[in-house]
Amino acid sequence: MIAEIGHYALIMAVFVVLIQATLPLWGAKQGNAGLMALAKPAAQLQFILVLAAFLALTYLFVTSDFSVAVVAQNSHSAKPMLYKVSGVWGNHEGSMLLWILILAIFGAGVATFGRNLPASLRARVLAVQAMIALGFLAFIVATSNPFERIVPPPLDGNGLNPLLQDPGLAFHPPFLYLGYVGFSMAFSFAVAALIEGRVDAAWARWVRPWTLAAWCNLTLGIALGSWWAYYELGWGGWWFWDPVENASFMPWLAGTALLHSAIVVEKRDALKSWTILLAIITFSLSLIGTFLVRSGVLTSVHAFATDPTRGVFILALLVVAIGGSLTLYALRGPALKATGTFAPISREGGLVLNNFLLSIVTATVFIGTLYPLFIDAIGAPKLSVGAPYFNATFWPFMVPLLAAVPLGPILAWKRGDLLGVLQRLWFAGAVALAVLLVVWYVKFGGPVLAVFGMALATWLVVGALVELAERLKLFRIPLADSLQRARNLPRAAYGMTLAHGGLGIVVAGIVGSSAWQVETIQIMHPGDTVEVAGYQLTLEGVSEVQGPNYTSQQGTFLVSRAGSEVVRLHPEKRNYPVQRMPTTESGIHTTSFADLYTALGDRQTDGGWSVRIYYNPLVPWLWAGAIFMVIGGVVSLTDRRYRVGAPTRRRAVKALPTGSAPAGT
Amino acid sequence: MRTLLAALLLAFSLGPAFAVEPEEMLDDPALEARAREISKELRCLVCQNQSIDDSNAGLARDLRVLVRERLTAGDSNEDALRYIVDRYGDFVLLRPPVSPRTYALWFGPALLFVIAGLGLVVFFRRRQAAPAETTTPPLTEEERARLETLMDEDRKP
């Protein structure tokens, strides 16, 4: 019964979305307020219906109703509750339903809180949003019905892929989708603006919070996925340039560029046409990411969908959405006239450089990811594009971009003074140089590039702090006055300091983990001791442990340093009998500067165990830096200038054109 | 994430295993380091875009052992790579060789850089040529009305 209600709600949603996609658009063209106003209740109803379907599916998973095919294939009665719930989106059908739910949440958000949007723009945004929803709802209903029954129902389910039974991965897809789908808002606003023929500062101000929220979630989603790969896979790697990773990285890069170019539209009324294009590209890359992962084109586990009809459907969706929006852009884009002018050396110029390099980097990842598919499609002999290619092509563009990050925010709008900016950054330069010399001395003989990498990271972090100090006129005016300035500084400014500083911390993590990792792979017998990076690790033994739905061989390492015990680590090798599949759980001791990482391998015939022990310098900084970036985004979101929806009707009118606070992110 | 697939493959193999196993490793650390370096360049043929250094598939292990045999036999890194490519084709290389088939791959990004860079130069040149237009677009009727409301509000105490 519940399954049928869910299915019914989905079909109802298709009709609601059909109305939402057409009538308000027509109303906006005709100036018919009644038709335009239809968008709001339609978006809210769409959300309620999709939510009902999602809750129905969740209920089926939680109660282990194996008469529903998706549940039978992806769940098991003995699974812990957390993974029964996360199992809802741990499969193709459910994950598409989650995709649509998030789309509906964003749509309902605009409908409910977008009171201060001009009626015609709101109607058009919601109509475009509904068109996307229509495509995906039709896809679900036609090819991937999550509520399909099976007769006769099996006694128990097949269980969820054990690799997905992990807290890190349980929440990875929702965050990723909040990011992907969040960029649909920027897309809808862009397409609506093209239809409307107007892009102004107010438009940018409405788009930025949505883009920022999407970006924060995507950052978090990617970080979670990377963290999971790190601790779950047993060889200490955290980024593999895998197509599925790239699928989420491309929208992130483009979205980061969009975040920055929208600033120029908002503050300086320039780069309008480019920002619109970037919004279209960012969401297109999200769609392509969904396509790569969902269609089976990559033939990995992520590509749950093996049925080619699904792939063709998504491909058609892709062509219509991307082709349609780009055509519209080609027709209407040139008409968007920018009024703001600026010299190449200026804050705007810095943001243009940011966009230029991020676009090249995005294109590079795009080319590398799709090239093997392209070569395969034209029938040439197959080839592989892997990490060595990406490392060789990504960094030459990325390093100059990173080096330029501290300069941009200090440059003046319109016309800047590069020499003056460099002078103001002397302190960051000096600290970076000091770090360079210290690292060179300490790690003499190690990779030379890593020394410069650490200097670059320092430059980013200290540069971000110097920028903040400049704003506060720290040490140049009395401290009390600086504190006063600190109180008045817009939150977006703090957000930028956090995000740029976090980026520097991530860079340090990347450099440290790839340059100075210490690896020990060997066979150990219980009682053996091995020394890694100043730690003594003694394998005390390996015991059998019974988990809720797995059995585990759990090793115990006594870790000591200079004779005193530090910690006991318990790397595990789990076996899930339902899927007859093993997983590794590493045992990690995290300090502020490094991870001590242990993983348990095979039992040898002589009773020994193959073990891997790593000393991973600065890896914790990767996650810390990513969290700083996300917090930066969130702090920026709380900037009062973006709380456009919250105020009352009278104040909403007022909130719009203030724009009083100076220079933001 | 590609390791998801590795794990799937594992499900079909006899038992779990790490990528590089202790017994495969060479006693000479310099030689072993070179073997690891080469392994990172070679694709595990049955995996999804994974190097043989990371993979625990049987075929990856065979290749790792082969690389080590070649190095022990006195091959240089290039010789060892060529030896494998001769037998498995370019597909085995994670860094595809530069050839007409890969020109777009290798030179595409640089070409884009140049084209977009030229585009930027033209953009700024045009800006300078055209005197700065400081005219703002006229307000629409709707905006004028809103402005009026705001001004009224401010006039009120």
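On the H14(A) side, the contact is made by Gly350(A), Leu353(A), Asn354(A), Leu357(A), Leu358(A), Ile360(A), Val361(A), Thr364(A), Val365(A) and Gly368(A). H15(A) contributes Tyr389(A), Phe390(A), Thr393(A), Phe394(A), Phe397(A), Met398(A), Pro400(A), Leu401(A) and Ala404(A). By residue type, this contact divides into 14 nonpolar and 5 polar residues, with no charged ones.

Helix H3 (residues 39-62) has 24 residues, which at 1.5 Å a residue should span 34 Å; the end C-alpha atoms are 34 Å apart, so the model agrees with the expectation. Just after H3(A), Ser64(A) takes a positive phi of about 50°. Helix H20 (residues 491-515) has 25 residues and reaches 36 Å from its first C-alpha to its last, close to the 36 Å expected. H20(A) is also mostly covered, with 23 of its 25 residues buried.

Helix H9 (residues 172-196) of chain A holds Gly182(A). This glycine is buried, with 28 other C-beta atoms within 10 Å. Beyond its neighbours within four places in sequence, Gly182(A) is in contact with Phe106(A), Trp210(A), Ala213(A), Ala214(A) and Asn217(A). Gly350(A), one of the residues in the contact of H14(A) with H15(A), is 168 residues from Gly182(A) in sequence and 26 Å from it in space, C-alpha to C-alpha.

Some backbone details in the loops of chain A are worth a look. Most residues other than glycine have a negative phi, and most peptide bonds are trans. Against that background, the peptide bond from Val151(A) to Pro152(A) is cis, with omega near -10°. Pro152(A) sits in the loop between helix H7 (119-143) and helix H8 (167-170). Lys473(A), although not a glycine, has a positive phi of about 50°; this lysine lies in the loop between helix H18 (448-472) and helix H19 (479-488). Leu618(A) is likewise not a glycine and has a positive phi of about 65°, in the loop between strand S10 (609-617) and helix H21 (619-637).

Chain B has 6 helices and 0 strands, and along the sequence its pattern reads α-α-α-α-α-α. Of the 157 residues in chain B, 30% are buried. Among contacts in chain B between residues at least 6 apart in sequence, 56% join residues at least 24 apart.

Finally, a word on confidence. Chain A has a mean pLDDT of 86, and 95% of its residues reach 70 or more. Over residues 300-305 of chain A, however, pLDDT stays under 50, and the model has 27 contacts beyond four places in sequence for this stretch. Residues 644-665 of chain A also have pLDDT below 50, with 32 contacts in the model beyond near neighbours in sequence. Where pLDDT is low, the predicted coordinates should not be read in detail.

Definitions and conventions:
Residues numbered from 1 in each chain as written. Chains lettered and ligands numbered in written order. Predicted model: local features only at pLDDT ≥ 70, side-chain atom pairs only at ≥ 80, totals over all residues. Helix = DSSP H or I, 4+ residues; strand = E, 2+ residues; numbered from the N terminus. Expected span 1.5 Å × (residues − 1). Buried ≥ 20, exposed ≤ 12 C-beta atoms within 10 Å, placed from the backbone. Contact = placed C-beta atoms within 7 Å. Nonpolar A, V, L, I, M, F, W, Y, C, P; charged D, E, K, R; others polar. pLDDT = per-residue confidence, 0-100.
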